[in-house]
Amino acid sequence: MPKIIGIDLGTTNSEAAYMEGGTPKIIPSAEGSTYGGKMFPSVVAFTKDGILVGEPAKRQAVLNPDKTIMQIKRKMGTDHKERIDGKDYTPQEISAMVLRKIKTDAEAYLGDKITQAVITVPAYFNDNQRQATKDAGRIAGLEVLRLVNEPTAAALAYGLDKKGEGKICVLDLGGGTFDVTLMETGDGVFEVAATSGDTQLGGMDMDNALIQWLVAEFRSEHGVDLSADRQALQRLRDAAEKAKIELSGTMEAPINLPFIAQKAGAPVHLDRKLSRTKMEQLIEPVLARLEGPIRQAFKDAGWSSGDVNHVILVGGPTRMPVVRERFERVLGRGVERGVDPMQCVALGAAIQGAVLSGEVKDILLLDVTPLSLGVETLGGVYHKLIERNATIPTRKSEVFTTAADGQTTVEVHVLQGERAMAADNVSLGRFYLSGMPPSPRGMPQIEVMFDIDANGILNVTATDKATSKSEKLTIMAPQRMDQSKIDQAVRDAEAHGEEDRRRRELVETRNLADGLAYQSEKELETYASQLSDETKAALRARIDELKKALAANDISEIRTAMEGLNKERLKIGVEVQKKGPGAEAAPPPSGGAAGGSDAPGVVDADFEDVDKK
Ligand code: AMP
């Protein structure tokens, strides 16, 4: 049976693994790894000899910075293009080059064709980013059987699925990002409770702190500014990273860069020693930034660190003693050991591959949606169908209706976010369901279904129940929602909670009032022959009063007018019953508080939530 490989497609580096005899193993790249890091730097370079990927691409980056592409993962799911030699490349195509290199090296190492893979993605990756990752796999000739969240894969590698029920905190500090994920496990099921992080915090920030120090030291010693020289800076970057990595295992690291500059025609060399203590001082501002996202995730999940049964570390910089200490200090407890934090995500992906092939049983992986998902309804109100942190795969449907008489098309506007009004959330796309037979407003039944599959990919379908006509979402405007934006969205929702509630209340009351006025006018027409002139005039006056209140846009005036009209409407029932049936229409109103349940509330948009009424 062909092997399913697991791939950790990282921002700075990637890693791959496969299962052998029930144990996941790392797949080496053709070149091996440098500095004991991951096997495949996520780097692609365009050279006159062709396209280089991985270690060879990283090695020549100094000499070819303009045609060397790094960190393409940050652009996944956007419409960004890399223009090289007059040709445009999408992020998917660049990522596919990294994946193809992994596929080729894996085939050479395993002596077998590889056509299927499990690829990991950050827990907060949105639909576009996940879709783009799947597409990259396809372009590389890999069928992506499953996308797995990185922290889930890491937990699998640590064997936490077998350690019974518990709460897990995953701290993933990589080259350029920091992700915190809180998960619960039990019966082989993982469920994400909260995610937080910083998309601009990682090992590279530490390298930058060391570079700044080296530049300043060199300037004061030789009077030469290395920061103005691009190639010198790249050499400094490599040397700083190498020293930082060495210092995870030693107390002092040499930094030697011969011929780094010229002064008065003579070569100048950089030759220093960096102690671990000095490095720890230099990177302190970076370490200080680790605390915030951890606290945020615990706050979101409503957990305290004492609730946690396992803390697991992911990513190269978590090999540093000072980083471990910082995490232990913030959480007030020890961290799990025994699995290499650089390898655990790829190893977990390989385990998930084995679950899918049937080699490993009894693990089911559940993840959650990072933000709520919903549609825009009448008056610009955001109506959530799937709540934030809902466990996926999930599917939810609701029935909506039209807002105008004779309406044959509805627009389905799909949004992601926490705010009450549609305009304050992120638009994921919109589509139209057209060709419905013209009918009075409120009559058509349009079922909108949200379906998030196990990969976190969202499909939205709208179906007109009468004709069974149906349309599906195609996302038109690619957008990106990274962790900081998710956190921002949640914070905004908290900060604007009261104001949003008021705006929403006004729109909803307006919708109900408008529907009530419409309904009452219809009733006035339907029962005209059975009503006394006095009742008809009173109803007319109440309807006009409500319309006036609507025009004034004052919520308490609207409510009072609705109450008045509802009271008046009760007379219809009384008079019709007295006179006996005369009209073939819906039964007359027999009660109804303000915003009675039979009033379709509508103002001017074209889509209305039926279930809510
Ligand atoms: P990752 O995103 O997990 O591939 O991590 C990449 C980052 O880990 C880079 O910034 C590396 O410099 C850093 N890194 C790798 N190994 C070590 C180590 N032993 N000590 C400190 N940092 C490391």
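Which polar side-chain atom lies 3.3 Å from a nitrogen atom of the ligand? That atom belongs to Arg-319. What you're looking at is a predicted model, where local features need pLDDT of at least 70, side-chain atom pairs count only at pLDDT 80 or more, and totals for chains, interfaces and linings use all residues. Residues are numbered from 1 along each chain as its sequence is written, and side-chain values use heavy atoms, with hydrogens and water left out.

**The chain overall**

- The protein chain has 15 helices and 29 strands; both are DSSP runs numbered from the N terminus, with helices (H or I) of at least four residues and strands (E) of at least two.
- Out of 613 residues in the protein chain, 53% are buried. Buried means under 20% relative accessible area, exposed means over 50%, and partly exposed is in between (1.4 Å probe, protein chains only).
- Take the contacts in the protein chain with a separation of 6 or more: 69% of them link residues 24 or more positions apart. A contact here means heavy atoms within 4.5 Å.

**How confident is the predictor?**

- The protein chain has a mean pLDDT of 86, and 89% of its residues reach 70 or more. That score is the predictor's confidence in each residue, from 0 to 100.
- Watch out for residues 475-481, where pLDDT stays under 50; the model has 32 contacts for them beyond four places in sequence.
- Residues 590-605 are also below 50, and this stretch has 48 contacts in the model beyond near neighbours in sequence.

**Around the ligand**

- There are 16 residues around the ligand, and the ones that come nearest are Gly-175, Glu-241, Lys-244, Ser-248 and Pro-317. To be near, a residue needs a heavy atom within 4 Å.
- For Lys-38, a side-chain N or O atom is 3.2 Å from an oxygen atom of the ligand.
- Lys-244 sits in helix H6 (residues 230-246). Because its relative accessibility is 7%, Lys-244 counts as buried.
- Beyond four places in sequence, Lys-244 is in contact with several residues, including Met-206, Asp-207 and Met-320.

**The nonpolar cores**

- The largest nonpolar core holds 66 residues, and Ile-5 and Ile-7 touch the most other members. Such a core is a set of buried Ala, Val, Leu, Ile, Met, Phe, Trp, Tyr and Cys residues joined through side-chain atoms within 4.5 Å.
- Helix H11 (residues 344-357) gives the most to this core: nine residues.
- Another core lies apart from it, with 52 residues, among them Ala-261, Leu-270, Val-308 and Val-330.

**A hairpin**

- Strands S5 (residues 43-47) and S6 (residues 50-53) run antiparallel and are joined by four bridges; strands pair if DSSP finds at least two bridges between them.
- The two strands form a hairpin with two residues between them, and Ala-45 stands opposite Leu-52 in S6.

- Most residues other than glycine have a negative phi.
- Ala-264 has a positive phi, near 50 degrees, and is placed in the loop between strand S15 (252-263) and strand S16 (266-275). Ala-264 counts as exposed because its relative accessibility is 85%.
- Ser-468 has a positive phi of about 65 degrees, in the loop between strand S27 (458-464) and strand S28 (469-472).

Conventions:
Polar contact = N/O pair within 3.5 Å; in protein donor to acceptor, adjacent residues only side chain to side chain.
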